[in-house]
Every structure is written in C-alpha cells, then in structure tokens.
Amino acid sequence: MSGMNEYIDSEVKSQDVVVFMKGTPGFPQCGFSGQVVQILDYLGVDYKGVNVLTSNELRQGIKDYSNWPTIPQLYVKGEFVGGCDIIREMFQAGELQSFLQEKGVSVKGAA
C-alpha cells in the first residue's frame with residue numbers, strides 16, 4: 001500500500017462518517033460536494049470533511065482507493081457508500097437514514 005493509500009485508509013477510519021470533497025464542509029467548492037454536506041447537516045450527522053483540493057495526489061488517490069471516478073465520496077465506518085447521486089437517492093428514499101443507524105451512527109430526528 002502506498003503512503004497516499006495509507007493516509008486515505010487512516011482518514012477513512014478516523015471517524016464513523018468521512019466525506020472526501022472539494023472544499024470544506026463550511027465552504028464546499030463544488031455543487032455535488034455541497035449537496036452531500038447539506039444532506040449530512042440536515043441529518044445532524046457528525047462527520048469529517050477531507051478537502052481533496054489540497055493535493056493532486058490525494059484527489060487521484062481517493063479515486064484509486066475506491067475505484068470511483070468522482071468526488072465527493074462518502075465513507076461510513078470505513079466503507080465506501082457512494083457519490084453525490086447515490087447519497088441523494090438513498091436520502092430521498094429514506095435509506096441513508098436507516099443505513100447510518102444500522103451502522104451505529106446517530107441521526108437527528110430519527111424514529
């Protein structure tokens with residue numbers, strides 16, 4: 001495993017919910033990253049945002065790590081969940097909320 005892969009691995013496992021995104025949760029720098037942040041904020045989930053714009057190596061590394069071509073990427077308990085479209089669809093279907101709860105992540109306003 002390369003140094004970048006190890007770094008990503010440790011970031012992914014550093015917190016229950018981690019988003020690799022363009023920009024930061026307070027200042028997303030792409031609409032797709034912003035949507036994922038909005039959904040997580042709406043659900044009141046405690047998460048960590050990792051800004052891929054800080055390094056080209058990181059931006060490419062996370063795509064290699066997940067075999068997923070786009071950013072943002074959401075990880076829950078070290079497991080890749082998906083990008084913006086998947087997260088939005090899961091959220092709209094109510095699946096994201098139950099998925100997070102199953103993983104032991106507390107969600108605001110959940111039954």
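This is a predicted model: local features need pLDDT of at least 70, side-chain atom pairs count only at pLDDT 80 or more; totals for chains, interfaces and linings use all residues.
Helix α2 covers residues 31-43, and its axis comes within 9 Å of the axis of helix α4, residues 84-92.

**Starting point: Q35**

- With a relative accessible area of 26%, Q35 is partly exposed.
- Once neighbours within four places in sequence are set aside, Q35 is in contact with C84 and R88.
- Both of these partners belong to the part of α4 that meets α2.
- Q35 and E6 are separated by 29 residues in sequence, and their C-alpha atoms lie 28 Å apart in space.

**How α2 meets α4**

- The two helix axes cross at roughly 30 degrees. Angles under 35 degrees count as roughly parallel, and α2 and α4 are therefore roughly parallel to each other.
- The crossing of α2 past α4 is left-handed.
- On the α2 side, the contact involves F32, Q35, V36, I39, Y42 and L43, while α4 contributes C84, I87, R88 and F91.
- By type, the residues of this contact divide into 8 nonpolar, 1 polar and 1 charged.

- C84, I87 and M90 are the buried residues of α4. Viewed down the helix axis, they fall within an arc of 135 degrees, so they line one face of the helix.
- The buried residues of α4 have several packing partners, namely α2, β5, β6 and α5 (95-102).
- The axes of α4 and α5 come within 5 Å and cross at roughly 95 degrees, which makes α4 roughly perpendicular to α5.
- I87, M90 and F91 of α4 make this contact with E95, L96, Q97 and F99 of α5. These residues divide into 5 nonpolar, 1 polar and 1 charged.
- I87 and F91 also take part in the contact with α2.
- After α4 comes G94, a residue with a positive phi near 80 degrees.

**The two sides of α3**

- Helix α3 spans residues 56-66, and L58, G61, I62 and S66 are buried in it. Down the axis of α3, these buried residues fall within an arc of 110 degrees, so they line one face of the helix.
- N56 and E57 are exposed on the other side of α3.

**Backbone details worth a look**

- As background, most residues other than glycine have a negative phi, and most peptide bonds are trans.
- The peptide bond from I71 to P72 is cis, with omega near 5 degrees. P72 sits in the loop between α3 and β5.
- N67 is also found in the loop between α3 and β5. Its phi is positive, near 55 degrees, although N67 is a residue other than glycine. N67 is exposed, with a relative accessible area of 69%.
- K77 belongs to the loop between β5 and β6. K77 is not a glycine either, yet has a positive phi of about 55 degrees. With a relative accessible area of 41%, K77 is partly exposed.

Conventions: Residues are numbered from 1 along each chain as its sequence is written. Side-chain values use heavy atoms; hydrogens and water are left out. Axes are lines fitted to C-alpha atoms, for helices over the stretch in contact, and angles run from 0 to 180 degrees between N-to-C directions. Helices (H or I, at least four residues) and strands (E, at least two) are DSSP runs, numbered from the N terminus. Angles under 35 degrees count as roughly parallel, over 145 as roughly antiparallel, 65 to 115 as roughly perpendicular and the rest as oblique. A crossing is left-handed if the near helix is turned anticlockwise from the far one by less than a right angle, and right-handed if clockwise. Contact means heavy atoms within 4.5 Å. Ala, Val, Leu, Ile, Met, Phe, Trp, Tyr, Cys and Pro count as nonpolar, Asp, Glu, Lys and Arg as charged, and the others, Gly among them, as polar. Buried means under 20% relative accessible area, exposed over 50%, partly exposed in between (1.4 Å probe, protein chains only). The arc is that of the directions from the helix axis to the C-beta atoms.
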